[in-house]
Every structure is written in C-alpha cells, then in structure tokens.
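Subject: Structure handover

Hi,

Here is the structure I promised to pass on. Please open it alongside this note; my findings follow below.

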Amino acid sequence: MSKGYQLKITIKGSKPPIWRRVIVPDKITFRDLDDIIEALFGWTHEHLYEFSFGQAGSFSGRPYQDSEDTVDEYIDEWMEENRIFTYIYDFGDDWIHTIKVEKIIDREERYPEVLKSKGPYMIEDCGGLWGFYEHIDEAEPFDLDEANNILADFHYPVELYDSEDDID
C-alpha cells in the first residue's frame, strides 16, 4: 500500500491567508513537490526555489535541472506528522510558503489531489506579497476542479523506482 502526505501550504504573511490543502503521494522528489506547488499557486517555473528544514537541511533547485540541484532527494524521510518546513520561490520577490505535514495516510492513488483552498492564484513577478495585494484584483480565482484535473496528469507510478530500498 502506498502512502500520501496531507500538506497545508500557506503563503507566509498573507492576510487573509492564502493556502492549499493537498495530498501528495509518497516516493516523490522535492523537484516533484516543487512542480505540484507551482501548479497550485500559479507559479511558472521561472525562478530558483528552496525547501528548508532549518538546521536539519535544505534542498535547492533551478527552473531548469542543473548538476548543482539538490532537489532530487526523496521527500519521504522528511515527512512526519506536524512537521513544519518552508518552500521559498523567487528569491527576488521572496515568496515564502509554510508547509505543515498534517497527516500521513494510506493511499493507492499516485497523483496529487487538492482537498481545499483559500485565496486566488498568485501573480508572478509582481514585487512579492505587498505588490500582489496592490494587484490582487488581477489575480485569477483558484478553481479546485480545474486544479485537480491538472494534477491528475502528475502521475508518479511506483514503477519509476527500482525497489523500495531506493526510497530510504
């Protein structure tokens, strides 16, 4: 049986809060998780990004794969209930997302699924959160059904991995 991680991803400092609650499959990389987050918030893969677990470690990536990227690490050893970590997108606009692992569940589906959301899609290159609020009327509303249709194409077959031992 596969597992899924229920994550609540919130744009730090957003008022009212802008967030997505999503289930992601186990045995994916941080690069895969970046793809999911970018789809959920409307980011366009234009900027550097980083997952940070404080002093425990971090994983950084570029919009295009680079030999220095560290995001090909699997997420599983970092996912534990109630753990909070950050995802930063675009170090110029400095979009900080707080991610909380709410639950670990048994789940056969190998694609992400949005359960609930609040707030619109974000606007790329608008000057960060403060610039976003100056142009919030231009932001497209988040459509849960449309997002789930897109995420259904993000299928991560377990056959991509040679064996369960590769995930540890």
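**Salt bridges**

Arg31 and Asp72 form a salt bridge, with their closest N and O atoms 3.1 Å apart. Arg31 sits in helix α1 and Asp72 in the loop between β4 and β5, so this pair ties together parts that are 41 residues apart in sequence. Arg31 has a relative accessible area of 14%, so it is buried. Asp72 has 40%, so it is partly exposed. Bear in mind throughout that this is a predicted model.

The count comes to six salt bridges. Another one joins Arg21 to Glu102, where the closest N and O atoms are 2.6 Å apart. Arg21 is buried, because its relative accessible area is 18% and the cut-off is under 20%.

Arg110 and Asp26 form a salt bridge too, with the closest N and O atoms at 2.5 Å. Here the loop between β6 and β7 (Arg110) is linked to the loop between β2 and α1 (Asp26), and the two residues are 84 residues apart. Both ends are buried. Arg110 counts as such at 7% relative accessibility, and Asp26 at 6%.

There is also a network of salt bridges. Its members are Arg107, Glu109 and Glu113.

**More on Arg21**

Arg21 lies in strand β2, which spans residues 19–25. What does Arg21 touch, not counting residues up to four places away in sequence? The list is Gln6, Leu7, Lys8, Glu102, Glu113, Val114, Leu115 and Lys116. Glu113 in that list is also part of the network with Arg107 and Glu109. The side chains of Arg21 and Glu102 are joined by a polar contact of 2.6 Å.

**The sheet**

Seven strands make up an open sheet. Their order is β4-β3-β5-β6-β1-β2-β7, and the pairing is antiparallel. The edges are β4 (58–61) and β7 (113–118). Each has a single partner strand, so one side of each is left without a neighbour in the sheet. From one strand to the next, the twist averages 20°.

Strand β5 covers residues 84–89 and strand β6 covers residues 95–106. They run antiparallel and are joined by six bridges. Thr86 has Thr98 in β6 as its bridge partner.

Helix α1 (residues 30–41) lies across the sheet strands β1 (3–11), β2, β3 (49–52), β4, β5, β6 and β7. The helix runs at about 110° to β3.

**The core**

How many residues does the largest nonpolar core have? It has 41. Leu7 and Phe51 are the residues with the most contacts inside this core. Elements giving two or more residues to the core are β1, β2, α1, β3, β5, β6, α2 (128–134) and α3 (144–151). Helix α1 supplies the largest share, six residues.

**Two loop residues**

Is Asp90 buried or exposed? Asp90 is buried, with a relative accessible area of 5%. It lies in the loop between β5 and β6. Its side chain reaches the backbone nitrogen of Asp93 at 3.2 Å. Beyond its neighbours within four places in sequence, Asp90 is in contact with His47, Leu48, Trp95, Glu124 and Asp125.

Glu140 is in the loop between α2 and α3. At 58% relative accessibility, Glu140 counts as exposed. Not counting residues up to four places away in sequence, Glu140 touches Pro120 and Tyr121. The C-alpha atoms of Glu140 and Ser52 are separated by 28 Å, and these two residues are 88 residues apart along the chain.

Best wishes

Note on methods. Residues numbered from 1 in each chain as written. Predicted model: local features only at pLDDT ≥ 70, side-chain atom pairs only at ≥ 80, totals over all residues. Heavy atoms only, no water. Helix = DSSP H or I, 4+ residues; strand = E, 2+ residues; numbered from the N terminus. Polar contact = N/O pair within 3.5 Å; in protein donor to acceptor, adjacent residues only side chain to side chain. Contact = heavy atoms within 4.5 Å. Pairing = 2+ DSSP bridges. Axes fitted to C-alpha atoms, helices over the stretch in contact; angles between N-to-C directions. Salt bridge = Lys/Arg side-chain N within 4 Å of Asp/Glu carboxyl O. Buried < 20%, exposed > 50% of the residue type's maximum accessible area, 1.4 Å probe, protein only. Core = buried A, V, L, I, M, F, W, Y, C linked by side-chain atoms within 4.5 Å.
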